[in-house]
Amino acid sequence: MTSSKLPEFWLRGPIAGVPLLLQPVAHALLQSGEEIKEFMDGFPEELLWKRPSGMASAGFHLQHLEGVADRLFTYARGQALNEEQLAALAAEKQPNSSFSVDHLVQLFIQRADRCIAQLKATDEHTLTDFRGVGRNQLPSTVIGLFFHTAEHVQRHVGQLLVTVKVLEKSHQPGL
């Protein structure tokens, strides 16, 4: 690590207004946004929907990162998914040539900002409140949904990094 590079978000101190117990969630979302911007900077548009070895495309990961954060934070508010969210979920695996790399990156950054605003508005006394997930209302809690969002987003950021590196390497002339 060079001296000019900032430390990871969890080492930069608390995020103003976010309850202490939810700081790790905010840090994970902000770190994810920063890493996504870095990984996707200069990424060729023509590779966005390529599926190396049949694995998920970079475009899928970017859509899913935004979508999963939206859905899980909706459940944390005690709400069911709306028709728009259900349609977005169904469309995540389909290539969408109308989306650019920058557009998908910005969608996640904006979603992360909305998630952090929700964290700031969360009453810490509600963190252990029951929240049903999905049509079957599988049991979770407000804090469980927030932490699963952080974990799930970080997992897909790691998968995105690998996908991007594989695609960039295979796209180099002469290989």
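Colleague: Is aspartate 123 buried, partly exposed or exposed?

Modeller: Buried means under 20% relative accessible area, exposed over 50%, partly exposed in between (1.4 Å probe, protein chains only). Aspartate 123 has a relative accessible area of 42%, so it is partly exposed. This is a predicted model: local features need pLDDT of at least 70, side-chain atom pairs count only at pLDDT 80 or more, and totals for chains, interfaces and linings use all residues. Residues are numbered from 1 along each chain as its sequence is written, and side-chain values use heavy atoms, with hydrogens and water left out.

Colleague: Where is aspartate 123 found?

Modeller: Aspartate 123 sits in the loop between helix 4 (101-120) and strand 1 (130-133). Helices (H or I, at least four residues) and strands (E, at least two) are DSSP runs, numbered from the N terminus.

Colleague: How many salt bridges does the count come to?

Modeller: Side chains of opposite charge can pair when their charged atoms come close. The rule asks for a side-chain nitrogen of Lys or Arg within 4 Å of a carboxyl oxygen of Asp or Glu. The count comes to five.

Colleague: Which residue forms a salt bridge with arginine 111?

Modeller: Aspartate 70 does, with the closest N and O atoms 3.4 Å apart. The pair links distant parts of the chain: arginine 111 is in helix 4, aspartate 70 in helix 2, 41 residues apart. Arginine 111 counts as buried at 13% relative accessibility, and aspartate 70 counts as buried at 15%. Glu66, Asp70 and Arg111 are linked in a network of salt bridges.
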